Amino acid sequence: MFRHKKKSDRKEFDREKMIPAVRSSICTGEKVAGFRNKQTGKFEEVMMIRTEQELQEFADMYGIDRTKIQIFY
């Protein structure tokens, strides 16, 4: 269902319209990194996060400061 994206697979995101975010399940603790549309709130999944290292890889892949990644439930 989820797989890691290679740098060649990744899509650029519109920094004006999209916010880097992690959706976390309250029940299971599952985390998915992606981008949230500022206007609609729609979340676009990019990769599943199981470790802090994978979260750092997501941030590095898109050139994002980890402190700028929102977490929502």
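View 1. Ile71 sits in strand S4, residues 70-72. Strands here are DSSP runs (E, at least two residues) and helices are runs of H or I with at least four, numbered from the N terminus. Welcome to a predicted model, in which local features need pLDDT of at least 70, side-chain atom pairs count only at pLDDT 80 or more, and totals for chains, interfaces and linings use all residues. Residues are numbered from 1 along each chain as its sequence is written, and side-chain values use heavy atoms, with hydrogens and water left out.

Together with Ile26 and Tyr73, Ile71 forms a nonpolar patch on the surface with about 420 Å² of accessible area. Such a patch joins nonpolar side chains (Val, Leu, Ile, Met, Phe, Trp, Tyr) within 5 Å, from residues with over 30% relative accessible area and no salt bridge; like charges are joined within 9 Å. Accessible areas come from the Shrake-Rupley method with a 1.4 Å probe, and for residues only the protein chains shown count as cover. Ile71 counts as exposed at 52% relative accessibility, and Ile26 counts as exposed at 71%. For these labels, buried means under 20% relative accessible area, exposed over 50%, and partly exposed in between (1.4 Å probe, protein chains only). Ile26 belongs to the loop between S1 and S2; its C-alpha is 9.7 Å from that of Phe72, although 46 residues separate the two in sequence.

**View 2. The whole protein.** Take a step back here: the protein has 1 helix and 4 strands, arranged β-β-β-α-β from the N terminus on. Of its 73 residues, 33% are buried. The protein exposes about 5300 Å², with carbon and sulfur atoms supplying 48% of that area.

**View 3. The largest nonpolar core.** This core holds 15 residues, and those with the most contacts inside it are Phe35, Met47, Phe58, Tyr62, Ile64 and Ile69. Strands S1 (18-24), S2 (31-37) and S3 (43-49) and helix H1 (52-62) each give two or more residues to it, and H1 gives the most, with 5. A nonpolar core is a set of buried Ala, Val, Leu, Ile, Met, Phe, Trp, Tyr and Cys residues joined through side-chain atoms within 4.5 Å. Beyond its neighbours within four places in sequence, Phe35 has contacts (heavy atoms within 4.5 Å) that include Phe13, Met18, Phe58, Tyr62 and Ile64.

**View 4. The buried face of helix H1.** Glu54, Leu55, Phe58, Ala59, Met61 and Tyr62 are buried in H1. Seen down the helix axis, the buried residues fall within an arc of 165°, so they line one face of H1; the arc is that of the directions from the axis to the C-beta atoms. These buried residues pack against S1, S2 and S3. After H1 comes Gly63, with a positive phi near 65°.

**View 5. Salt bridges.** The structure holds 3 salt bridges, each a side-chain nitrogen of Lys or Arg within 4 Å of a carboxyl oxygen of Asp or Glu. Glu45 and Arg23 meet at 2.3 Å, N to O, linking strand S3 to strand S1 across 22 residues. Glu54 pairs with Arg50, their closest N and O atoms being 3.7 Å apart; Glu54 is buried at 11% relative accessibility, while Arg50 is exposed at 56%. Glu52 and Arg66 meet at 2.4 Å, N to O. Glu52 lies in H1 and Arg66 in the loop between H1 and S4, so this pair ties together parts 14 residues apart in sequence.
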